[in-house]
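Biologist: Could you walk me through this fold, starting with a hairpin?
Modeller: Gladly; let's look at it together.

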Amino acid sequence: MSLTTIDRSEKEIKIDLPQPSPLVLNSDSSFILQPIVENVDMPGYEFIMTLKLYYKDKMPKPITFKKGDPLETYCSDSTVITLYPKAQSPIVIGSKKRMSCKILAVFNISKQQNNLLKTYPLDSVKVYNYVTDNKYILSISDKAYFNRLITRYNHWK
């Protein structure tokens, strides 16, 4: 990870803060789970309490408009993820309300959920779009992904 970089060459200021590599849940990268490390500019005080899920809930047939690009994916303002740790009860987390057509769902994890993710490897994730009623179950290839990250960036030490 690098230190904070501020780019003042454009009209708006962009702050580049290092984040861990995301967990890509399928081969075409249409489901990406990104843990967000808070306080990255404060060594020793970093923690993970937020997960962002970027996903595409594809329509069977795109909707075309007279102007602009066709709409190929559904939109959503409510997503639920279910994380399946090995030999444990599932962890069910509802997203914060946020309408998005390039779906970005934001989840805050509790202390208990954090401890489960730190302790047990994950076998799979279920993504449920409450708006469309579509469900996706995705297996995880790197089962220790959250174990490593949350051990390194543990909010509740």
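**From hairpin to core**

Modeller: In the hairpin of β3 and β4, 6 residues lie between the strands, and Ser29 takes a positive phi near 60° there. Strands (E, at least two residues) and helices (H or I, at least four) are DSSP runs numbered from the N terminus. This is a predicted model: local features need pLDDT of at least 70, side-chain atom pairs count only at pLDDT 80 or more, and totals for chains, interfaces and linings use all residues. Residues are numbered from 1 along each chain as its sequence is written, and side-chain values use heavy atoms, with hydrogens and water left out.

Biologist: In which sense do β3 and β4 pair?

Modeller: Two strands pair if DSSP finds at least two bridges between them. Strand β3 (residues 23-24) pairs with β4 in the antiparallel sense over 2 bridges, and Leu23 stands opposite Leu33 in β4. On to β5: 8 bridges join β4 to β5, and these run antiparallel. Leu33 stands opposite Leu53 in β5.

Biologist: How many of the residues of β4 are buried?

Modeller: Buried means under 20% relative accessible area, with exposed over 50% and partly exposed in between (1.4 Å probe, protein chains only). In β4, 6 of its 8 residues are buried.

Biologist: Which residues have the most contacts inside the largest nonpolar core?

Modeller: Such a core is a set of buried Ala, Val, Leu, Ile, Met, Phe, Trp, Tyr and Cys residues joined through side-chain atoms within 4.5 Å. The largest one has 30 residues, and Leu25, Leu53, Ile81 and Phe146 have the most contacts inside it.
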